[in-house]
Amino acid sequence: MESRALRWETLAALSSSSKGRLSYGRRWPHDEDLLEGCMSPLVLSPYSGWVLDRVVGQAAPEIASSRSSTPKEPAPLTNGSSPLEVTSASCQGSSPLPPAQPSETKGNGDLGLLEMDHEVFPAVLPCKVTEVEGCIRMYEEMHRLKGKEGLRQRQEQQEQMVRAVSDLASEQLKRFDELKELKQHQEFQDLQEVMEKSSKEAQGQQEKLKEEHRHRAKVLNLKLREAEQQRQRQEELERLRKEEGQERLRRLYSIQEEVLQLNQQIDPNYRHKDLPRIDLSAYSNRGNQICGLVSGLIRTTSERGFPTQVDVANTERALQEMRGLISSMQQEIAAAVEEKRRRDEEEERQKQKELLKKEQMKAQTPAPAQQSGGKQQKEGLQVKAEESTMQWYRQLQDAAEQCVASFSEISNCKDNNEVKKIKTDLQKAATIPVSQISRIAGSQLREIFDKINNLLSGKSVQSGGRTVSVTQHPQGLDFVYYKLAEKFVNQGEEEVASHHDAAFPIAVVASGIWELHPRVGDLFLAHLHKKCPYSVPFYPALKEGTSMEDYQRMLGYQVKDSKIEEQDHFLKRMSGLIRLYAAIIQLRWPYGNKQGAHPHGLNYGWRWLAQMLNMEPLADVTATLLFDFLEVCGNALMKQYQVQFWKMMLLIREDYFPRIEAITSSGQMGSLMRFKQFLETCLQQKEIPLPKGALQSSFWRS
C-alpha cells in the first residue's frame with residue numbers, strides 16, 4: 001500500500017509540476033494557436049506510463065501478497081488527483097520498454113498492470129478513446145516484441161545454417177585439397193618413374209655410344225697407322241722422285257747449255273765472213289728454233305715440277321738435231337771453201353791469160369758486195385707489210401663486212417618497232433657487261449664472263465630488268481658478235497688509254513670469250529686493225545683520188561668537221577689499243593679448258609714484233625707502240641723465247657733504235673727517251689719486270 005501511495009504521489013507531483021502542465025508536440029502546429037495548449041486541461045506526460053510501469057513492475061509482488069491477505073480497498077487519492085486523470089494517465093503512459101527485458105516478463109507485467117488497474121480503480125471510468133489507444137499501443141508493443149523474438153530466432157537459425165554450410169564447405173575444401181595432393185603425388189611418382197626409365201635408357205645409350213666410340217677409336221687408330229705408313233711410303237717415293245727429277249733437270253740444263261754453245265757457233269749475221277755466197281740463215285733459224293724448243297721444255301717442266309723421262313728424251317733428240325745441224329753446216333762450209341779454192345785457182349789461171357779481165361774483176365768485186373748489202377737493207381726495212389700479212393688483214397676485214405651484211409635487217413629496222421626494240425635490248429646486253437669490267441673482285445669478273453657467255457650460247461639473260469636472248473631474232477647472234485667485238489676495241493681506246501691497268505681484266509674476259517667463240521676474236525681483230533693499222537702492222541699508202549681526210553682516217557686518226565685530232569690524243573688511243581692487244585695474247589681465262597692452245601697467243605706477238613722491226617720506223621708512233629707493247633708483253637715474251645728475245649732486244653738497241661732516233665724531231669723526243677730508258681734498264685738488269693696491274697692468283701679468290 002505504501003508503494004501504491006507513493007506511486008500516486010509521484011503521479012500527482014508530476015502532473016502538478018510546470019513541465020507536467022506543458023503539452024509537447026513533435027510537429028509545429030501551423031493551424032492552431034500557440035497559446036491553445038496552455039489553456040487546455042492538464043494531462044500526464046506520455047512518459048508517465050513508462051514510469052508507472054516501472055513502479056508497477058517493482059510493486060507487483062507486493063500486490064500479489066496483499067491480495068491474498070487483505071480485501072480490496074480503494075486507496076485515497078493524494079494531492080487532489082481525480083480518478084479520471086489517473087486513469088487516463090495510466091492508459092496513456094505505456095511506452096516502449098528497454099530491449100534488454102525479456103518479452104514474456106514484459107507482456108505479463110503489462111497484463112498484470114492492466115488487471116491491477118481494473119481491480120484497484122474500479123470506480124474510475126476511463127475514457128473510451130484513451131483505453132482503446134492504450135490497448136492498441138499495448139498490442140503493438142506485444143507484436144513488436146514477438147516479431148523481434150521471431151527475428152532473433154530466425155537470425156540464430158540462419159547463423160546455424162551458415163555455420164553448417166561453412167563447415168560443409170571447409171570439409172569439401174579439405175577433401176579437394178586431399179584429392180589435389182593425391183593427384184600431385186601420383187603425378188610426381190609417374191614423373192619420377194619416367195625420369196628413372198629415361199635415365200636407364202640414357203645410361204644404356206651412353207654405354208652403347210661408349211662401345212661404338214671405342215670401336216671407332218680402334219678403327220681410326222688402325223687407319224691412322226695405315227695413313228702414317230702410306231705417308232712415309234709417299235714421302236720416300238716423293239724423295240726418290242725428286243732426286244730423279246733433279247737429276248733429269250740437271251741433265252736438261254746441261255743439254256740446254258750445250259745447245260746454246262752449239263748455237264753460238266752459227267754466225268748471227270747469217271753469212272760466213274770468208275764465203276759471202278753461202279747463206280747460213282736457214283741453219284741459224286733452225287738453231288734458234290731448237291733453242292726455243294729446249295727452253296720451252298725446260299720452262300714447262302719447271303712450272304709442272306720436275307721433268308719426266310720423255311722430256312729428257314725430247315731434249316736429247318733436240319741436242320742430236322743441233323749437233324747434226326752444226327755438222328751439216330760445217331760440211332757445207334767445207335764444201336764451199338773447197339769450191340772457193342777451186343774457183344780461186346781457176347781465176348789465178350785466168351789472170352795470167354787476161355790481165356785486163358783480172359783488173360776489171362778486181363774493180364768489180366766490191367760492187368756486188370755493196371749491192372748485196374743494199375738489198376739486205378731494203379729487205380730488212382720494208383715500207384709495206386708482207387703479202388701474207390696483208391692477205392690475213394683483208395680476210396678479217398671481209399669477214400667483218402660479211403657479218404655486217406648478215407644482220408642488215410636489224411641494222412635497217414627504222415619502221416619496225418618490235419625489231420628496233422630487240423636491237424636495243426641485244427646491244428645493251430652485249431655492251432653493258434663489258435663496260436662493267438673492273439679490278440674490284442674476281443667473282444664479279446666471273447659473273448660478267450658467265451653473263452656474256454650465256455648470251456652468246458643462246459641462253460636468256462637479264463638486262464635492264466628485261467629478259468634478252470639472241471634467239472629472239474634470226475640475225476641476233478651475228479649482231480651480238482659484231483657489237484661485242486666492237487665494244488672490246490672501244491674499251492681499249494677509251495678505258496685502257498686512260499687507265500693502263502684496266503687492260504688486264506678486259507683482256508682476260510676477251511680472251512676467254514675468244515676461246516669459246518672464235519668468231520668474236522676474228523671480229524675483234526678486224527675492228528682493232530681498222531682503228532689501229534699499226535697492230536697489223538700495216539702502213540696505209542696514199543692512193544690517187546684519196547682525200548687527205550680519208551687518208552688520215554686510214555692511218556687511225558679521228559677526223560671531225562674536217563679537223564684532225566691532236567697528236568697526243570692520237571698516240572694515247574693507239575697506246576690503249578696496243579696495250580689491250582698485248583694483254584690478250586698472253587692471258588687465258590683461268591676457268592676454261594687449258595688443254596688446247598691459245599687462240600691468239602704469244603707467237604702472234606712475236607710475229608708482230610718481228611714485222612715491226614722489219615719495217616721503216618715512223619716518228620713518234622713506232623717508239624710509243626714498241627714501248628707499250630714490250631712493257632705489257634715483254635715479261636711473257638722473255639719467258640717464252642729467252643735467248644731469242646734478248647737477241648731481239650739487242651737488235652732493237654743497236655740497230656733499230658738509231659733509225660728511230662734519226663727521224664725523230666726535237667719536239668717528239670719524249671716517247672723516244674722513255675723507250676730508250678726502258679731498253680737500257682731491261683738490258684742492264686737482264687730482266688723484264690711484270691707489268692703494273694697484272695692479275696695475280698689472289699685476285700681470283702676475291
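Okay, let's start with contacts, meaning heavy atoms within 4.5 Å: of those in the chain with a separation of 6 or more, 76% are between residues 24 or more positions apart. Before going on, a word on the source: this is a predicted model, where local features need pLDDT of at least 70 and side-chain atom pairs count only at pLDDT 80 or more, while totals for chains, interfaces and linings use all residues. Residues are numbered from 1 along each chain as its sequence is written, and side-chain values use heavy atoms, with hydrogens and water left out.

The chain has 23 helices and four strands; those are DSSP runs numbered from the N terminus, H or I of at least four residues for helices and E of at least two for strands. Of its 702 residues, 35% are buried, which is to say under 20% relative accessible area, with exposed being over 50% and partly exposed in between, using a 1.4 Å probe and protein chains only.

Now the cores. By nonpolar core I mean a set of buried Ala, Val, Leu, Ile, Met, Phe, Trp, Tyr and Cys residues joined through side-chain atoms within 4.5 Å. The largest one has 105 residues, and Val509, Phe524, Phe629, Phe645 and Phe675 have the most contacts inside it. Which helix gives the most to this core? That's H21, with 13 residues. There is also a second, separate core of 19 residues, with Val259, Cys291, Leu325 and Ile326 among them.

Staying with H21, which spans residues 621–641, we find Asp628 there. Is Asp628 buried or exposed? It's at 3% relative accessibility, so it counts as buried. Its side chain has a 3.1 Å polar contact with that of Arg579. For that term, take a pair of N or O atoms within 3.5 Å; within protein, one must be able to donate a hydrogen and the other to accept it, and residues adjacent in sequence count only if both atoms are side-chain atoms. Beyond four places in sequence, Asp628 touches Ser575, Ile578 and Arg579.

On to helix packing. Axes here are lines fitted to C-alpha atoms, for helices over the stretch in contact, and angles run from 0 to 180 degrees between N-to-C directions. Under 35 degrees is roughly parallel, over 145 roughly antiparallel, 65 to 115 roughly perpendicular, and the rest oblique. As for handedness, a crossing is left-handed if the near helix is turned anticlockwise from the far one by less than a right angle, and right-handed if clockwise.

H13 (417–435) and H14 (442–456) pack at about 160 degrees, axes 10 Å apart. That makes the pair roughly antiparallel, and H13 passes H14 in a left-handed crossing. Ala429, Ala430, Pro433 and Val434 of H13 meet Ile448, Lys451, Ile452 and Leu455 of H14.

H14 also packs with H16 (503–516): their axes come within 11 Å and cross at roughly 30 degrees. So those two are roughly parallel, and this crossing is right-handed. Val509 is one of the H16 residues at that meeting. Leaving aside neighbours within four places, Val509 is in contact with Ile437, Leu445, Phe449, Ile452, Phe488 and Trp589.

Last stop, Val536, in the loop between H17 (518–531) and H18 (548–554). It counts as buried because its relative accessibility is 3%. Val536 and Gln611 are 75 residues apart in sequence, with 8.9 Å from C-alpha to C-alpha. Other contacts of Val536 include Trp392, Tyr393 and Trp608.
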